Amino acid sequence: MTISKERVSALMDNQLQSEQSLKALLDDPSASATWERYHLIGDALRDELPEQLDLSLSQRIADALEQEPVVLAPKPRLSLLSAVKPNVKKFIQVAGQYGIAASVAVVVLVGVQQYQQTDTSIKQGPVLNTVPVGGGSAMPVSVNYNSERINTPQQKSSAMSEQQLQEQRQRIARFIQDHQLQQRLSPAER
């Protein structure tokens, strides 16, 4: 029969005085160890500790460790996340470094280009004037467009005279010139 700590405490306080309880206390090693600790606590509270205490603490700890059951824990399994996580972290770190380096390179390139453009525009004038002189806009290019509407009887005839051929060539030359001018004005539409 094991004695509870409450019964040991009651025996100490003289509240329980049966021979059966005393015999159970002496037979149970855990109850007698509790009895000993309770008396030591009482002596310490009353300041009646002996000068030399034999606690043999290290021996009791070693004995308690030997009595501990051996727990065999399985090895932790590596999950996919724990195997991939360090690689992802390293990849993000390297990608971030490359991103920063690329950003710095782009800023340097744009800065050098801007510096060179402002430097060359100061030294020399524009190579080719792309803005039309006549008013800022180009004429639309069309086969049906005729800047000079001439309605003459000669135009209606099927045979072309030398003068009409010359005028037609001039019109085509103007169309080509207008087309080239429009290409220079809107390079983004290509």
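The protein averages a pLDDT of 75, and 71% of the residues score at least 70; pLDDT is the predictor's confidence in each residue, from 0 to 100. This is a predicted model, in which local features need pLDDT of at least 70 and side-chain atom pairs count only at pLDDT 80 or more, while totals for chains, interfaces and linings use all residues. Residues are numbered from 1 along each chain as its sequence is written, and side-chain values use heavy atoms, with hydrogens and water left out.

**Exercise 1.** State which helices have the lowest and the highest confidence.

*Solution.* Helices (H or I, at least four residues) and strands (E, at least two) are DSSP runs, numbered from the N terminus. The protein has seven helices and zero strands. Confidence is lowest in helix H6 (residues 153-156), with a mean of 49. It is highest in helix H7 (residues 162-185), at 89. Where pLDDT is low, the predicted coordinates should not be read in detail.

**Exercise 2.** Find the buried residues of H3 and what covers them.

*Solution.* Buried means under 20% relative accessible area, exposed over 50%, and partly exposed in between (1.4 Å probe, protein chains only). The buried residues of H3 are Ala31, Thr34 and Gly42. They lie on the same side of H3, because they cover an arc of only 75 degrees around the axis, taken from the directions from the helix axis to the C-beta atoms. Their cover includes helix H1 (5-12) and helix H2 (19-27), where contact means heavy atoms within 4.5 Å. The face of H3 turned away from the buried side carries the exposed residues Pro29 and Glu36.

**Exercise 3.** Describe the salt bridges of the structure.

*Solution.* A salt bridge is a side-chain nitrogen of Lys or Arg within 4 Å of a carboxyl oxygen of Asp or Glu. A search of the whole structure finds two. Asp43 pairs with Arg46, the closest N and O atoms being 3.0 Å apart. At 22% relative accessibility, Asp43 counts as partly exposed. Glu48 also pairs with Arg46, at 3.4 Å between the closest N and O atoms. Glu48 is partly exposed, because its relative accessibility is 48%. Shared partners join Asp43, Arg46 and Glu48 into one network.
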